[in-house]
Amino acid sequence: MRYPPWTAALIAVTLGVSLASCSDNEGGGDGELAGHTIEVVAPWSGDEQQQFERVLSAFEERTGATVDYTSAGDELPTVLQTRVQGDTVPNVAIVAQPGLIRQLADSDALKPLAPDVLEVLDEHMAGAWREFGEVDGTPYGLYFKAANKSLVWYNDATFTETGAASPHTWEEFLEISNGLADMGVEPQSIGAADGWVLTDWFENIYLRTAGPEMYEKLSRHEIPWTDPSVREALEVMAELFGEDRLIAGGGGTALQTDFPDSVINVFGEEPEAAMLTGADFVGTVVSESTNADVGDTARTFPFPSIGGSGDSLVVAGDAAVAMKDDKPTRELLKFLASPEAGEEWAELGGFLSPNQNVSFDAYPDETTRGIAKHLIGAGDGVRFDLSDQVPAAFGATNGAGMWKTLQDFLADPDDVDGAMERLEADAAKAYDT
Amino acid sequence: MKFRLPSPSRTAGDPTSARGPQDGARFGEPSRTALLFLLPAALLFAVFLVYPTIYSFVRSFFDASGDEFVGLGNYVSMFTDARTLTAIRNTGIWVLVAPALVTGLGLVFAVLTERIRWATAFRLLLFMPMAISLFASGIIFRLVYEEDPERGIVNAAVVSVHDMFTSSAEYPEALPRDDDTLEVTEGGYTTSATYEQGDVVELPLVGFKPGDLPSQAEAAAVPEPAGNELRGTVWLDASFGGAENRIDPGENGMPRVTVEAVRDGQVVATTSAGNDGRFTLPDLGAGEYRLRLAESDFEAPFRGLTWLGSSLITPVIISSWIWIMTGFAITFIAAGLSAIPREALEAARVDGATEWQVFRKVTVPLLGPLLLVVFVTLMINVLKIFDLVFVIAPGSVQAEANVIALQMWQVSFGAGGNQGLGSALVVLLLLLVLPIMLFNIRRFRRERS
C-alpha cells in the first residue's frame with residue numbers, strides 16, 4: 001500500500017513527540033529500576049493527587065524508576081474496565097471498593113500479590129487488612145490508605161460553652177444530645193442528602209449491637225435484612241433519628257443537607273450544631289471549608305459503645321492492586337506497604353495508614369494522631385464498611401438500596417418493619433443480578 | 001444571527017416564488033463526485049450514529065456482563081422496577097408541561113417586547129441564560145431553592161414576606177423541661193396538676209439558648225405565696241452544670257411569656273411574666289386552675305418551604321428549565337414575528353379587530369408552523385433532560401425526581417454498571433423520540449413539496 005507523502009512526516013512528528021516526552025520523564029537516576037516506567041491509576045485528584053505524587057517521587061528517588069500517575073476520579077471503575085478491554089492496563093491501580101477488586105479479579109485482570117510483597121505486608125499490617133484485600137482466599141489488594149469511620153466530630157467551643165463532655169456509651173451520647181438540645185444547641189448534624197452518611201451510621205450501630213460475626217454475615221447476605229439483629233440496630237438508630245430536636249433542623253432538613261454543609265453546620269462561622277458523625281476525612285473538609293482548626297475546635301471521640309460492646313471500628317480504605325506481574329510493579333507495591341511510604345503522606349495530612357509501623361509522630365496534629373492510634377489499636381477488630389462490600393446497586397447507588405431506604409427511614413423512623421422489608425427486597429434483587 | 005424560517009419568510013415575499021421550479025431540479029441523480037464528497041460525512045455518520053444505535057439495541061438483550069443473552073429480560077425488569085417507572089412518569093410530566101409552557105411564554109414575551117423601545121436589549125437579557133451551561137444553571141438553582149433561608153433566596157423572600165404580616169415568637173422552640181410539670185397540649189404548654197389561690201408554681205422551660213434571652217431578663221426568682229393570688233415563675237432551666245427542675249444561679253426568667261389560668265377548658269385570667277420570670281394571677285376566686293403557657297410565644301419560626309423535597313422537586317426543576325429555555329423560544333418567535341407581513345396585521349386592525357383578536361386570529365396562525373418547530377425542538381430537548389435533575393435534586397430525592405436519561409446513566413455507569421439494562425433504557429428513549437422525529441421529517445417533506 002502506498003502512503004501519501006505527509007504520512008511519513010506525521011509519523012516522524014509523533015515519534016519525535018513521544019521520544020521527547022520519554023526522555024523528559026527519564027530524569028530519574030541510576031537506581032536498580034532506572035529506565036523502567038510504571039503507570040499508576042488512582043481516583044485521587046487535586047490535593048490528594050499532589051500528596052500521593054510526593055509518595056511516588058520518594059519511590060522514584062529510591063529506585064530510579066519513573067512513575068506516571070493518572071487520575072481517574074470517580075470514573076475509575078469505567079476507566080479500568082475500558083483499559084482492561086483495550087489491553088493497555090497500568091502496572092498498579094488504586095481501588096476503593098472491595099467489590100471492584102472482586103470484579104476485576106473475576107475477569108482475570110489482576111495479578112495476585114507476589115510472595116515477597118506479602119512478606120512486607122504481613123510484617124506491617126494486621127491480618128484483617130490482608131483479608132480485606134483477598135478474593136476467595138487469594139490476596140490481591142494491598143491497603144495503602146485507610147479511613148476510620150467510627151468517629152464523632154464535635155465543636156470543642158460549643159462543648160466547652162455548654163459543659164458537655166465526650167460520651168463513651170450510647171446512653172451518655174443520647175444524654176449529652178438531650179442536654180445540648182435543652183441548652184438550645186442542635187446536637188447532631190446529619191448530611192442525609194448523601195446516602196452514604198446514613199449507611200455509616202447504620203454500620204456503626206449494627207457492628208455494636210449485633211457484633212462482628214453477624215456484621216460479616218450480613219455483609220455477605222448470609223442472613224437476610226429482615227433478621228432480628230437488623231431490627232435491633234434500626235430501633236437503636238430510631239432512638240436518635242426519631243427525635244427531631246436531636247437532629248439539626250429535624251429529619252426533614254437533614255435530608256436536604258449535603259455532607260459538606262453538614263460539616264459547615266458544626267464548624268462554620270456560626271455553628272448551628274454541636275456534633276457530626278463521620279470518618280476521619282471530615283477533617284479535610286473542616287480545613288478546606290471552615291476557619292476551624294483540626295485538633296483545636298474540631299475534635300473527635302470514638303463512636304460510643306452500645307450495650308457494652310467492645311472497641312469495634314468500621315473502616316474503609318484504598319487498596320493498591322497489581323495489574324502486571326513484573327519487578328517494577330512488585331517493588332512499587334513493596335514500597336507502598338512500607339512504613340516510609342505511609343509516613344511520607346501522613347506528614348502532609350488528610351491521610352491515615354493501616355500500617356502499624358508508621359510512626360504516630362508522622363501525623364501533623366494531636367487529633368489525627370488520636371484517630372490513627374484508635375485505628376491501629378483496634379488491630380484485627382476492624383470491619384470493612386458494609387455498604388462497600390455489598391453489590392454497588394444495593395450499597396452505593398443514589399436513590400436505591402441502602403441509601404434510599406435509610407433516607408426514608410430517617411424521614412419515618414417508626415417504620416422499622418417497612419425499612420427491613422425494603423432493604424431485603426433490594427438486597428435480594430442486587431445479589432440476584 | 002440569522003434564522004432560517006420555514007413558511008413566514010416565504011409568505012413575506014411573492015407567494016408564487018415559494019414553489020420555484022429549480023427546487024426539484026437541484027437534487028437530481030447524485031453524481032459520483034457528490035458521493036465522494038458525501039463519503040466523509042457518511043463515514044462519521046456510520047461510526048458515531050448508526051453503529052452505536054445498532055450496538056445499543058443488540059446490547060439491550062444481554063445481561064450486565066455482556067456475555068449472556070437474556071432476551072427481553074432487561075425490558076421486563078425495566079418495566080417492573082419502581083424507580084424506572086417513576087423516571088418514565090416524570091419524563092411524561094416534563095414532556096407534557098415544559099415545552100408547552102416555554103413556547104407559550106416565549107410567544108407572550110416575544111409579542112410584548114416587540115413594541116417596546118429597548119426590545120433587543122430586553123430579549124438579549126432573556127436569552128442570556130442560554131449562554132450558561134445547564135450544569136452551572138443547575139448549581140445556581142440548587143442554591144436558589146435551598147431550604148435554609150440564610151442560603152436559599154426563594155425561602156429568604158418567602159420568609160421575609162411572611163414575617164411582615166406575622167410577628168415571630170419570642171422564644172421559638174422552647175419546650176417544657178419534662179412531662180411532670182408541663183404537658184404539650186392544644187394552645188400551649190399546660191400544667192399536669194391543678195392549683196388554687198395561694199399556690200406558687202415553678203414552670204421550667206428548656207430548648208432555648210440562654211444567650212438569646214432578651215437583654216432585660218434577670219435572674220429567676222420565686223415569688224412569696226399570697227392569700228388570694230396564684231403566683232409562680234417561668235424560667236429557662238438550662239445552665240452550665242445546673243440541676244434539672246431547680247433554679248440554679250445564672251438561670252434567668254423568661255420575660256413576657258403569656259401565662260393563662262384555665263378552668264374547665266376556659267381561659268379565666270391572663271398575665272405575663274416579669275423580667276425575673278415571676279407572674280401573678282390576682283383574684284381568681286376559689287377553685288382549681290390549670291396554668292397554660294400560650295403557644296404563640298413558642299411557635300417555631302417560619303422557615304419557608306422545602307422546595308427540594310420529594311413533593312415539589314419536579315416542578316422546581318421544570319421551573320429552572322423554563323428560566324433557561326424561554327430565551328431560546330423568544331429569539332425564534334421574535335424573528336418569526338418580524339417576518340409577519342405588516343399588512344395582514346394592519347388590515348385586521350383597520351377592520352376593527354381588537355389587539356387580542358389580532359393576536360389570536362392573525363399573529364398566532366401566521367406563526368403556527370414556527371411555533372410547532374420551537375415546540376418540537378423543545379420536546380426533544382426535554383426528553384434527554386439530565387443535568388438539571390442530576391444537579392438540582394439532593395441525593396435523598398433523586399429517586400423522586402428521576403427521569404429516563406438520568407436513570408439510564410445511573411444504571412449503566414453509576415455504581416451498578418449494568419449496561420444491558422442501560423441500553424434497554426436508551427432504546428426506550430429512542431422509541432419515544434422517534435415519533436417526534438418522524439413528525440418533523442414529514443412536516444419538512446410537506447413543506448418542500
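## Before you start

This is a predicted model, in which local features need pLDDT of at least 70, side-chain atom pairs count only at pLDDT 80 or more, and totals for chains, interfaces and linings use all residues. Residues are numbered from 1 along each chain as its sequence is written, while chains are lettered from A and ligands numbered from 1 in the order in which they are written.

## Chain B as a whole

Chain B holds 15 helices and 9 strands; these are DSSP runs numbered from the N terminus, with helices (H or I) of at least four residues and strands (E) of at least two. Its radius of gyration is 35 Å, well over the 22 Å that the globule rule gives for 449 residues, so chain B is more spread out than a compact globule. That radius is taken over C-alpha atoms, and the rule is 2.2 Å times the number of residues to the power 0.38. Along the principal axes, the C-alpha atoms of chain B fill a box of roughly 115 × 75 × 35 Å.

## A sheet in chain B

Follow the strands of chain B in the order E2-E3-E9-E6-E7 and you trace an open sheet of 5 strands with antiparallel pairing. Its edge strands are E2 (182-185) and E7 (266-272) of chain B, each pairing on one side only.

Within chain B, strand E6 (residues 258-263) and strand E9 (residues 290-294) pair in the antiparallel sense over 4 bridges; strands count as paired if DSSP finds at least two bridges between them. Here B:Val262 stands opposite B:Arg290 in E9(B).

## The domains of chain A

Chain A is divided into domain 1 (35-147 + 316-379) and domain 2 (151-311 + 390-432). The C-alpha centres of these domains of chain A lie 28 Å apart.

In chain A, 13 residues of domain 1 are in contact with 14 residues of domain 2, contact being C-beta atoms, placed from the backbone, within 7 Å. Helix H16 (residues 366-377) of chain A gives the largest share of the domain 1 side, 6 residues.

## Where the chains meet

The contact takes 28 residues from chain B and 29 residues from chain A. On the chain B side, helix H13 (398-401) and helix H14 (404-413) are the elements that give two or more residues.

Technical notes: Two residues are in contact if their C-beta atoms, placed from the backbone, lie within 7 Å. Domain bounds come from an automatic or database domain assignment.
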